[in-house]
Every structure is written in C-alpha cells, then in structure tokens.
Amino acid sequence: MRRATARDLRGACSGPLTTGSASLDRELSGGLRCGQITEVFGESSAGKTQLAMQLCVTCQWPPSLGGLGGGAALLLTDENFSSTRLRDLARTLTPQQSQRPSDSSFASDDAVRQCMDNVHVMHVRDPEMLCHAAQYMLPVLFERHRLKLVIVDSVASVLRYGFTDSGIDFGASAKMESKERNDSIIRLARALKKLAADFDAVVVCINQVTAKFIPDRPTAGRLLLAPIATGSSDKIENCFSVDPANCNVGDSAVMPALGLLWTSCINTRLSLSKEDKADYNASAREGFKLWQTRRRLKTPKMHWLIASILASISSPLLAATVLATAKSIRGSYWAATSDAGGCSLPVASYANTHYAFALGDQAALGSLSFAPKYCGQMFQINCGHSSVLAVVASTCDIGGHDCGADMIAPLWNAATANASPGLVNCSLSLTTSNPISSSTAPICFYRPSSEFGNAYYKLLGVLNTSGRLVSGAKLAGISGTVSSGDWYQFQAGASPFKTTDSVVFTYTDGTSSTFALSQCVQPSGVQIFS
C-alpha cells in the first residue's frame with residue numbers, strides 16, 4: 001500500500017488569508033498568500049506581534065470568510081506568549097465584525113477555547129533550534145493537526161546575536177560569524193519555503209529594524225524602500241537604501257534587519273509604523289508598490305506601510321544576477337493567459353504564476369533569441385517603468401524576426417504601467433533567478449502528458465538551473481535529443497530504463513546536474529500562467 005505523503009494530507013489553500021482588516025486586505029488583494037514567506041518588520045510597539053496574534057485567529061475562519069480553515073504554529077524567540085492577549089482576540093475578532101465587534105458578535109466560550117487549542121506555541125532560543133523546528137517538527141505538526149499558518153516572532157532575535165546559557169549576550173564577542181549566520185538564514189528560509197509549498201501554508205516572519213545613520217539630512221518623513229541605481233542606467237545594484245528624505249526616525253533611518261541575504265528569501269514585506277495623521281502614499285519605484293492604510297488598535301492612530309515585492313518569490317528582483325542583456329527589444333501584448341504550447345512548462349510551485357512571456361527571434365535579441373534552452377529561464381524585463389522578472393513560457397513568431405517579448409496581460413500591465421495593448425521598447429536580461437519557489441536546487445521533470453509509464457521511452461527536462469543553459473542530456477548513458485521546448489527524449493535499447501538509472505543534464509558552462517530517474521517529477525499537466 002502506498003504511504004500517504006505531505007501533499008496527500010495537506011488541505012487545498014482556497015485563497016489568501018485575511019488579516020482581519022478590510023482596508024489592509026484591499027491593498028494586499030485579499031490578504032496574505034499561501035506558499036509564500038511574508039515578512040513583517042517595524043519599530044518596537046508598532047503592532048507586529050498584534051498582527052501575528054490576529055492572524056492566528058483569522059486563519060481558523062472558513063475559506064468562505066477569508067480564513068484557511070486550519071490552525072497555526074507560533075514560534076517565539078524573544079518574548080513570552082500572551083495567552084490573555086490571544087484569548088481576547090479570539091473572543092472579539094469574529095468573521096462577522098472583524099473591525100468593530102459589538103457585544104452580539106463576541107465568540108462563545110467554547111469557540112474561544114477551540115481557537116486557543118488550535119494555536120500551537122513553541123519557544124526557540126537559538127538558530128539551530130529554530131532551523132530544527134522548521135525542518136523536522138513543524139511538518140509533523142502540520143500533518144497531525146492540519147495547520148495552515150506558521151509565524152516566527154521574531155526571526156531576527158536569534159540570527160543577529162549569539163546566545164549564552166543565561167540568554168542573549170549582546171557583546172561583540174557573542175555575535176555570530178557572518179558565514180554561520182548566513183548558513184542559518186539560508187537553511188531556515190529553505191525549510192520555511194518547503195513547508196509553505198508542501199502544505200500550501202502561509203508563513204509569516206516578524207523582523208526587527210536596524211538604524212542607518214545618515215548625517216546632514218532632514219529627519220522628518222516616512223519610510224520608503226527603493227533600489228539604488230548606479231553605473232549604467234539599465235543596471236540595478238543588488239542592494240537597498242532608505243531614502244533619507246522620506247524615512248527617518250530621530251536622527252537615523254530604519255531598515256529591516258538581517259541584510260540582503262534575508263531580503264532575497266522573502267516574497268512580501270510589510271512595514272508597520274505609527275504616525276500622527278492618515279496618509280496615502282501611492283509611490284511606486286523600481287519594482288515596489290507602497291501603500292498606507294489605516295488600522296485601529298488601542299493606540300489613537302496606527303497605519304500600515306506595505307512594500308510588496310513585485311518579483312520572483314524564490315529570487316526577488318534585486319537579488320538576481322544579470323547574465324546577458326539585449327536592448328531595443330520590441331515588447332508586445334500576447335493574451336490574457338499563456339497557452340499549453342511552446343515550452344510546455346510543467347505544473348509546479350512557481351514563484352509567480354502571473355508573469356510569463358513568449359520569446360521571439362528579433363535581430364536585436366542577438367544571443368538571447370529564442371532557443372529551447374531558454375524555456376523556463378527567468379528574464380528581467382524593463383519597458384521604461386518597473387523592472388519585472390518573468391519566465392519564458394512559449395515562443396513568438398519564430399522565423400519572422402520581428403517579435404521580441406510577447407507578454408501576457410499581468411506582465412504587460414506591470415511592465416508598461418497599464419498601457420493600452422500595443423508595442424513598446426524594452427530591454428531584456430537573462431538572470432540567475434529560478435522560476436520554482438519550492439526548491440533552490442535544479443528539478444528534473446517529465447514533460448507534461450508524456451508517457452510516464454513507458455519503460456523504453458522517456459521525455460525529460462530540468463528547471464531551476466539558476467540561469468545555466470542546458471547543452472545536452474543523458475539517461476543511463478544514452479544521449480537524448482531535443483523534442484520540443486527544452487525537453488530531451490530518450491529511447492532505450494533492448495533493456496528498459498530503470499528507476500535507478502542516472503539522468504545527467506550538462507550546461508553550457510561545463511557544469512552538470514545528476515538525478516536518479518526516480519527523482520524526476522511527473523507533473524499533472526502544463527502550467528497556464530494568467
């Protein structure tokens with residue numbers, strides 16, 4: 001009998017998780033996304049833990065009311081758990097009136113007790129314990145108790161400083177070595193992304209802020225995160241800055257802790273701040289959209305400042321390395337969605353299912369003109385507005401030499417700032433970003449709808465190559481031939497292929513990836529991007 005897997009046991013995520021705030025949900029297009037890591041950062045007393053507690057309640061609401069119908073796991077690293085605080089929220093924050101509950105909307109004692117029972121609290125005090133919990137303990141909890149949310153509060157407290165037997169030691173000698181800290185960040189992010197993908201769960205990480213002192217600059221303003229453009233106008237450095245004219249606290253500007261490595265691991269960033277007046281900030285700079293939305297708590301006026309990264313989940317825009325660039329590329333509007341032809345990319349946990357395009361053979365593309373090896377690769381597209389990461393999902397008028405990048409509707413809108421369908425001038429850059437968020441390593445796939453059970457014939461490909469282009473493939477020593485897209489077909493001789501046979505994909509840079517045939521994923525169909 002086949003044993004059940006995590007994917008068999010998980011519940012389907014019916015939609016985004018509501019925050020319990022209608023105005024915030026509107027800005028987030030419904031709420032927090034399943035299968036992603038959302039970071040919440042802000043100064044002390046900005047409401048980060050309050051939001052975490054609120055999500056522990058709303059995730060238990062039925063999907064029809066914006067919840068996920070499952071429990072929550074709360075990993076605490078720097079403070080004690082306030083059961084009273086959670087109990088009050090469970091009683092007053094109901095699906096009927098999440099903003100201003102009346103006496104009639106209070107939950108019953110039994111409902112409050114059930115809500116409390118569905119929140120599993122774990123205290124962790126060092127990076128090793130946190131990573132171990134994410135890798136080994138949480139998957140068991142998710143399977144046994146049908147959890148749909150995990151919150152780490154806070155991720156920075158165990159990764160910024162060393163620990164002693166008596167607790168946190170803020171001395172310089174106790175700070176973790178850079179490599180050790182980076183290894184812990186990567187290990188934790190990989191475990192959380194796998195958890196989010198395997199169980200279609202929402203992952204929220206609370207982060208602290210760090211101060212960046214900038215002399216001789218004004219001190220009043222609001223937080224504005226923006227990438228720094230240096231050198232040539234079409235290149236964005238892999239770094240963030242806080243614009244001192246827009247974000248200062250006292251004499252210093254604040255920015256999220258843990259640096260760029262952590263930034264490249266998250267998908268959405270929410271910044272919490274307290275202000276004295278309501279404001280709407282409709283700034284949008286280089287791949288970021290920022291909003292401010294009112295939220296009422298016990299403090300007089302509190303506002304959310306949301307910075308939602310419009311880039312690849314596994315490798316956000318600013319973390320991608322550009323490998324090659326073509327300019328003066330003709331950008332065009334393809335359709336509302338992609339189709340099943342062209343590259344025939346498999347159904348998988350893609351970082352972004354909205355940004356896809358068909359690559360053509362316009363002369364200006366040069367070495368980036370369509371070839372099967374570009375199927376599934378991530379390109380950075382800039383059409384004079386925000387730079388956007390998108391995956392090559394199909395081909396565009398090959399042989400006509402007049403098509404550059406044919407974009408589906410969501411990508412067109414993001415790259416052209418919602419221009420009417422037509423032609424635009426763009427630049428196109430091949431990057432090291434990966435399209436699939438469930439793994440940072442290469443993944444072997446069967447071609448969708450191919451003969452999975454045919455022991456004498458296999459049709460295989462590889463994705464998540466970090467920009468490396470496939471130049472050849474072998475199965476059990478037999479060289480494959482390119483079929484369609486970047487899929488290689490293999491025909492066995494007298495003996496059938498075995499699941500233990502090795503599949504080797506060789507790249508143009510001389511490196512390779514090796515899999516056992518049994519590791520190649522059999523997808524449910526072709527991914528349609530929309």
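The model is a predicted one. The crossing of α3 and α4 is right-handed. From α3, the contact draws on T49, Q50, M53, Q54, C56 and V57. From α4, the partners are R85, L86, L89 and A90. By class, the contact of α3 with α4 comprises six nonpolar residues, three polar residues and one charged residue.

Helix α4 also packs against helix α5. Helix α4 covers residues 83-92, and α5 covers residues 109-117. The angle between α4 and α5 is about 130 degrees, and their axes are 9 Å apart. The pair is therefore oblique, as angles count as roughly antiparallel over 145 degrees and as roughly perpendicular from 65 to 115. Helices α4 and α5 cross in the right-handed sense. On the α4 side, S83, L86, R87, A90 and R91 make the contact. On the α5 side, the residues are D109, V112, C115 and M116. The contact of α4 with α5 holds five nonpolar residues, three charged residues and one polar residue. Residues L86 and A90 of α4 take part in the contact with α3 and in the contact with α5.

The model also contains an open sheet of four strands. The strand order is β25-β24-β28-β29, and the pairing is antiparallel. Strands β25 (478-479) and β29 (512-516) form the edges, each pairing on one side only. Between them in the order stand β24 and β28. Strand β24 runs over residues 470-475, and β28 over residues 502-507. Five bridges connect these two antiparallel strands. Within this pairing, K474 lies opposite V504 of β28.

Four disulfides are counted in the model. One of them joins C343 to C375, with an S to S distance of 2.1 Å. This distance meets the criterion because the cut-off for a disulfide is 2.5 Å. The angle about the S-S bond is -70 degrees, and the link of C343 and C375 is left-handed. The two cysteines are 32 residues apart and connect distant parts of the chain. C343 sits in the loop between β16 (322-333) and β17 (356-359). C375 sits in the loop between β17 and β18 (378-382).

Methods. Residues are numbered from 1 along each chain as its sequence is written. This is a predicted model: local features need pLDDT of at least 70, side-chain atom pairs count only at pLDDT 80 or more; totals for chains, interfaces and linings use all residues. Side-chain values use heavy atoms; hydrogens and water are left out. Axes are lines fitted to C-alpha atoms, for helices over the stretch in contact, and angles run from 0 to 180 degrees between N-to-C directions. Angles under 35 degrees count as roughly parallel, over 145 as roughly antiparallel, 65 to 115 as roughly perpendicular and the rest as oblique. A crossing is left-handed if the near helix is turned anticlockwise from the far one by less than a right angle, and right-handed if clockwise. Contact means heavy atoms within 4.5 Å. Ala, Val, Leu, Ile, Met, Phe, Trp, Tyr, Cys and Pro count as nonpolar, Asp, Glu, Lys and Arg as charged, and the others, Gly among them, as polar. Two strands pair if DSSP finds at least two bridges between them.
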